[in-house]
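Hi there,

I'm handing over the structure we talked about, and it is pasted just below. Once you have had a look, read on for what turned up.

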Amino acid sequence: MANPGSETREPDRPPKSGLRPVRWAYAAFGMVCVGLGALGIVVPGLPTTIFLILALWAFARSSDRLHDWLYYHPRFGPFLSNWTRYGIMSRKAKWYAVVSIIVSYALTVAISRSLVLSLVVGAILVCVTTYILTRPEHPPAE
């Protein structure tokens, strides 16, 4: 189902699982991710971006209706479309993600009594931050 008047076309979707329980599990996981992503809009330190990307991934494997609802959503659709087509993250999304990572790491260090855990989490978050900061902010010139 395409969005009427839409000039962008989404890349090919993976095939749906043939097993109904598996499709239901993907859909349920997607709905949880949408809920967490929406909560992340108002709760500092809780990411929005990754949960919506995961939700889109899950919906692509479970339900065209849910996938299209999220992909063409007025608020989240443009971001998800840019991510799906070009791997783009806006500067604002990057800023929020990096600030959330810093806050999360600070909480980890404050709560954790293990130096090893703090170092492992820190190393992982450095990799994630590097990945985020190296994503393009604009589509390639045509």
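Helix 5 provides the largest share, 10 residues. By type, the lining divides into 23 nonpolar, seven polar and two charged residues. The volume of the pocket is about 970 Å³.

Please keep in mind that this is a predicted model. The average pLDDT of the protein is 85, and 87% of the residues score at least 70. Over residues 1–9, though, the pLDDT is below 50, and this stretch has eight contacts in the model beyond near neighbours in sequence.

Now to the aromatic rings, where the structure holds four pairs. Tyr-26 and Trp-57 have ring centres 5.5 Å apart and planes at 80°, so they form an edge-to-face pair. Because Tyr-26 lies in helix 1 and Trp-57 in helix 2, this pair ties together parts that are 31 residues apart in sequence. Tyr-26 is partly exposed, at 25% relative accessible area, and Trp-57 is partly exposed as well, at 37%. Ring pairs also link Tyr-26, Phe-29 and Trp-57 into a cluster.

Another edge-to-face pair joins Tyr-71 and Tyr-72, with 5.0 Å from centre to centre and 85° between the planes. Here Tyr-71 counts as buried, at 2% relative accessibility, whereas Tyr-72 is partly exposed, at 22%.

Enjoy exploring it!

Best wishes

Terms used: Residues numbered from 1 in each chain as written. Predicted model: local features only at pLDDT ≥ 70, side-chain atom pairs only at ≥ 80, totals over all residues. Heavy atoms only, no water. 1 Å grid on protein atoms, 1.4 Å probe; cavity = no way out; pocket = protein on both sides within 12 Å on 5 of 7 lines; lining within 4 Å. Points joined across faces, edges and corners; volume = space filled by probe spheres on them. Helix = DSSP H or I, 4+ residues; strand = E, 2+ residues; numbered from the N terminus. Nonpolar A, V, L, I, M, F, W, Y, C, P; charged D, E, K, R; others polar. pLDDT = per-residue confidence, 0-100. Contact = heavy atoms within 4.5 Å. Phe/Tyr/Trp six-rings, centres within 6.5 Å; stacked < 30°, edge-to-face > 60°. Buried < 20%, exposed > 50% of the residue type's maximum accessible area, 1.4 Å probe, protein only.
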